[in-house]
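Dear colleague,

I am handing over the structure below, together with an account of what was found in it. Please keep it open beside this message as you read.

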Amino acid sequence: QVRLVASGGGSVQAGGSLRLSCAASGYSIKQYSMAWFRQAPGKEREGVANVCPDGGTTYYAGSVEGRATISQDYAKNIVYLQMNNLKSEDTALYYCARHAAHWYCPGSNWAQTHEYEDWGQGTQVTVSS
C-alpha cells in the first residue's frame, strides 16, 4: 500500500528556512517522479518542485526558483524540499505527491495535479513578515 507522510512544516519569519520531508512507503521513490505542491487559502493547488526518476532532472516553479531544492534519499525513501529565504507568499499547506506512471518524467506537465496518483496529507508552512 502506497503511503506518503509529509512533515517539517512550521512557523518561521521571512528570510528563514525550512526543510520539508516526505516519507514514502509501499514503493521505491527511485522509480517514480515525485513532486511538492502547495495550496494557500482560497487559491488553487500549485506545483512547487518535481524530481524525475533519473534523479537528475528537476523542475521548479518560477516563484521558488533559486530558493528551493528538491532532493531524495533513496536509502530512507524520503523526498525533501529545502526552502530558503522564505517569503510571506510561501505560506500554504504543502503536499508531496507520486506521479501515476512508473519510470516516467512528466516534463512540462510536471505541475499538473492530474498527473499524480498518490498524495500525502500536507504539512503547514506559515511565514510571517
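Does Asn 85 count as buried, partly exposed or exposed, or in other words, which of these classes does its relative accessibility give? Asn 85 counts as partly exposed, because its relative accessibility is 42%. Please bear in mind throughout that this is a predicted model. Asn 85 sits in the loop between β8 and β9, and it has a positive phi of about 45 degrees although it is not a glycine. Asn 77 is another residue other than glycine with a positive phi, in this case near 60 degrees. Asn 77 belongs to the loop between β7 and β8, and with a relative accessibility of 13% it counts as buried.

The overall picture

The protein chain contains 11 strands and zero helices, so that reading along the sequence gives the pattern β-β-β-β-β-β-β-β-β-β-β. For 129 residues, a compact globule would have a radius of gyration near 14 Å, and the 13 Å found for the protein chain agrees with this. The C-alpha trace spans about 40 × 30 × 25 Å along its principal axes. Of the 129 residues, 43% count as buried. Among the contacts in the protein chain with a separation of 6 or more, 60% are accounted for by residues 24 or more positions apart.

The disulfides

A search of the whole structure finds two disulfides, and when the bonded cysteines are counted along the chain they follow the pattern 1-3, 2-4.

One of them joins Cys 22 to Cys 96, with an S to S distance of 2.1 Å. This pair links distant parts of the chain, since Cys 22 is in strand β3 (residues 18-25) and Cys 96 is in strand β9 (residues 92-102), 74 residues apart. The link of Cys 22 and Cys 96 is right-handed, with 65 degrees about the S-S bond. Cys 22 counts as buried at 0% relative accessibility, and Cys 96 is buried with a relative accessible area of 1%.

The other disulfide is formed by Cys 52 and Cys 105, whose sulfur atoms are 1.9 Å apart. Because Cys 52 lies in the loop between β5 (46-51) and β6 (58-60), and Cys 105 in the loop between β9 and β10 (116-119), the pair ties together parts that are 53 residues apart in sequence. The torsion about the S-S bond of Cys 52 and Cys 105 is about 40 degrees, so this disulfide is right-handed. Here Cys 52 counts as buried at 1% relative accessibility, whereas Cys 105 is partly exposed, with a relative accessible area of 29%.

An open sheet

Four strands make up an open sheet in the order β1-β3-β8-β7, with antiparallel pairing. Its edge strands are β1 and β7, each of which pairs on one side only. Neighbouring strands of this sheet are turned by 15 degrees against each other on average, direction ignored. The strands β1 and β3 pair in the antiparallel sense over five bridges, and Arg 3 has Ser 25 in β3 as its bridge partner.

In soluble globular proteins, nonpolar side chains tend to be buried together. The largest nonpolar core has 34 residues, of which Met 34, Trp 36, Ile 70, Leu 81 and Tyr 94 touch the most other members. The elements that give two or more residues to this core are β1 (3-7), β3, β4 (32-39), β5, β7 (68-73), β8 (78-83), β9 and β11 (123-128), and the largest share, five residues, comes from β4.

Val 48 lies in strand β5 and counts as buried at 1% relative accessibility. The C-alpha atoms of Val 48 and Trp 36, which are 12 residues apart along the chain, are separated by 5.4 Å. With its neighbours within four places in sequence set aside, Val 48 is in contact with residues including Trp 36, Phe 37, Tyr 59, Tyr 60, Leu 81, Tyr 94 and Trp 110.

With best regards

Key. Residues numbered from 1 in each chain as written. Predicted model: local features only at pLDDT ≥ 70, side-chain atom pairs only at ≥ 80, totals over all residues. Heavy atoms only, no water. Disulfide = S-S within 2.5 Å. Buried < 20%, exposed > 50% of the residue type's maximum accessible area, 1.4 Å probe, protein only. Core = buried A, V, L, I, M, F, W, Y, C linked by side-chain atoms within 4.5 Å. Pairing = 2+ DSSP bridges. Axes fitted to C-alpha atoms, helices over the stretch in contact; angles between N-to-C directions. Contact = heavy atoms within 4.5 Å. Rg over C-alpha atoms; globule rule 2.2 N^0.38 Å.
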